[in-house]
Amino acid sequence: MTALAHSALPSQVGLLAGRAVKRILRNPAQLVFPVLFPLILLAVNTSGLDAATQLPGFPTASYLDFALAIPFMQGALFAALNGGQDLARDIQDGFLDRLAMTPMSGAALLAGQLGGALFMGVISAVLYLVVGIAFGAGIASGVGGGLVLLLLAISISSAFACFGTFVALRAGTGEAVQGFFPLFFVLLFLSSAFFPRDLIEQDWFRVVATYNPVSYMVEGIRSLVITGWDGQALAQAFGLSALAIIAFLALSSRALRTRLVRT
Amino acid sequence: MTEERGIDVQGLVREFKGGVRAVDGIDLQVAAGEIYGFLGPNGAGKSTTVKVLTTLLPPTAGSATVAGYDVAEEGAKVRAAIGVALQDVALDPMLTGREHMRLQGGLQGIPRAERGRRGDELLERVGLSAAADRKSKTYSGGMKRRLDLALALLHKPRILFLDEPTTGLDVQSRTALWDEVARLARDEGTTVFLTTQYLEEADVLANHVGIIDRGVIVAEGTPAALKAQVAKPTVEVVPREAGDCAATAAALRPFGDTVPPSAAGTVAVRLDSGAEQLADIVRALDSANIAVVNLALHEPTLDDVFLAKTGRSLEGAADAPPEEPAADRERALA
C-alpha cells in the first residue's frame, strides 16, 4: 500500500461507513425489526419463564435480569445478517466491481462494512439497556458496569458482523448469508442463554453449552447485570469476541483478495 | 510519457474453469482519442475483454497495455487512467445520484470542494440535475445508464470503457448517450472503447471497429473499409413508368450485376466499383431517356461484414451452431 493510500484510508473508511449507515437508516426493515424483535422475545420470555427463578441455584430472583443478555445476542445476529446480505448484494449487483475500480483499499471496505454493524450495535445495545432498566432490571455492576456492558455488546456485534462479512465475501450471495442465520440461532439455543449451565439437566446439552463460545459471551453480559464485576466472565467474553473479530477479519481479508481480483 | 497512449493488446487470452476460452488470442490497437467499437453477439468475449483491460480479470496469456500501463502488472495506474461503465449498471438503490457522485469522488481521492463541483457539473451534463437528490432506485433505465456514465467520468479519465452502454435503452436515451460519447472523443480527446451488439451504434460512433466472435477477432478496420472488403454498394432505381424496368436494367448493366430489388417496379444493381459510379449512372439513365422517381444508394452494413466473416448474421448469432473451422471461413471469403 502506498503512502497516499495510507493517508486516504480514514477518508475511505468514513465514506463507506457513512454509506452503510445511510442504507440502514433508509431501510426501516433493517432498523426496526432487528431492534424490536429481541425486545418482544424478551417480554414473552420474561413473562412466561419467570417461574424458573424458583429453581434452586438459579442465580437471580428476576428472570428479566437473567434474560436481559439475550436481546444483545439476538441484535448482534440480526446486524450480522443484514450487514452480510448488504455486502452480498454489492457483490451480486456489481457494485463491488465499481468500488474495485477506485483506489479504495480492501481494509477500508472491511472497516466501512463494520461501521454499519457498529452503528446498529450501538443503537440496539443502548435501547436494550434502557428498556431493561425501565422495566425493572438492575445492573449489579452499576453505571460503570452499564458502560462496560455496552462496550461488550458492541464487541460481540462486531464479532458476528465479521463472520457475516466473511460468509458474504466467501459465498457472494445473500442466500448463503441467510442460510447461516438458523445456525446462529441454534448456537444461541444450545448455549446458556436461556438457562444457567449448571442447571441444565441433559448431559449432552450441558456439554454443548460448555463448549459453545456463545455461552461465554452471554455470561459476560449477564455477569455485569446480576453478579457485579466478574473478571473471569468479562475476560472470557471480551477475549472470545476479540478472537472472533481477529479470526474472521483475517479470513474476510483473504476472501476479499479473492473477490477483488483486480490486478 | 503516457499522455498519447491508447490501448495495445497482443495475443490476449482469458481462459475460465473447464478450459473455456472466452478470449482466444486477440490483437488490437486503439489510438489515443479515437472511438473503438468492439462488436459481437452475446457471449462473443466482449465483456471478458473489457474486464481484462480494466484490470478486473487477470489475463491467462498474452499482454495488454492501457494508457501505456501493463494491465497485469500496473493495475492501479491503469485504473487511475480509465473510467468504466460495465454492462450491468451497478448503483446503490438507496443512495441518491448526488451521493453516488460524492462517494465515487471521495474514493477516487478528489478533494472535497472539487468533488461537489465536478459531481454537479457532470450530473447536469448527463441531464440528471433535477433528479440528483432522488434515490437511484427511482431512476429509469436510461437515467441509471447516464448516472453510470457520469460516475465513470468523475476523475477525468483519459480512456473510457463502455460495455454495451445502450443495451435496453429507448431510442431517445440511446441517441443522447451517443451524442455524449461522440462529444467526449471530439471535445475532450477521450479514448473510448465501446462494446456493442448494435451494428448501427458501431457504425455511427466508431472510428475503428473490431468484430469478435467466439473469442476471436474476425475483422478489424474502419467501418467503411470493412464494408468495402466484403460487399459493394447497391443502387436501386424506380423508373416513372413501370414498363421502363427492362430498359433501366439494360442501362445499369455496365455498372454491375442485377440483384433482387426490395420492391416491385424497382431495379437493383450491385455496383462493380463503388459510390463514385453514381454520377455515371445518372448520366446513363438520362441518355437512355428513362425518367426516374427515385434513385437510392444502399451501402453494405456491418452485418454483411459479420455474415461474410462468420457465415452467420449478427442477430441471433449467439444461439447459432458452433462456428465452422477457420480454414472453411477463409474459403468462404475467397
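This is a short tour of a predicted model, stop by stop, with something to select at each one.

Residues are numbered from 1 along each chain as its sequence is written, and chains are lettered from A in the order in which they are written. Because the model is predicted, local features need pLDDT of at least 70 and side-chain atom pairs count only at pLDDT 80 or more, while totals for chains, interfaces and linings use all residues.

**Stop 1: chain B as a whole.** Colour residues 7-224 as domain 1 and 232-298 as domain 2; such bounds come from an automatic or database domain assignment. The C-alpha centres of these two domains of chain B lie 43 Å apart.

**Stop 2: where chain B touches chain A.** Here 23 residues of chain B are in contact with 23 residues of chain A (contact: C-beta atoms, placed from the backbone, within 7 Å). Select helix H2 (75-81) and helix H3 (97-107) of chain B, the elements that give two or more residues to this side. Helices (H or I, at least four residues) and strands (E, at least two) are DSSP runs, numbered from the N terminus. H3(B) supplies the largest share, four residues. By class, the chain B side has 13 nonpolar, seven polar and three charged residues (Ala, Val, Leu, Ile, Met, Phe, Trp, Tyr, Cys and Pro count as nonpolar, Asp, Glu, Lys and Arg as charged, and the others, Gly among them, as polar).

**Stop 3: a helix pair in chain A.** Now show H4 (residues 69-93) and H6 (residues 106-134) of chain A, whose axes come within 9 Å and cross at roughly 155 degrees. Axes are lines fitted to C-alpha atoms, for helices over the stretch in contact, and angles run from 0 to 180 degrees between N-to-C directions. The crossing angle therefore makes H4(A) roughly antiparallel to H6(A) (over 145 degrees). To see the contact, pick residues including A:Gly75, A:Ala79 and A:Gly83 in H4(A), and A:Gly116, A:Met120 and A:Tyr128 in H6(A). The residues of this contact divide into ten nonpolar, six polar and no charged.

**Stop 4: a sheet in chain B.** Finish with the open sheet of four strands, in the order E12-E13-E11-E14, with antiparallel pairing (strands pair if DSSP finds at least two bridges between them). Strands E12 (256-259) and E14 (292-298) of chain B stand at the edges with a single partner strand each, so one side of each has no neighbour in the sheet. Four bridges join E12(B) to E13 (residues 267-271) of chain B, and B:Gly256 stands opposite B:Leu271. Lastly, select helix H9 (residues 245-252) of chain B, which lies across E11 (234-239), E12 and E13 and runs at about 10 degrees to E13(B).

Terms used: Two residues are in contact if their C-beta atoms, placed from the backbone, lie within 7 Å. Angles under 35 degrees count as roughly parallel, over 145 as roughly antiparallel, 65 to 115 as roughly perpendicular and the rest as oblique.
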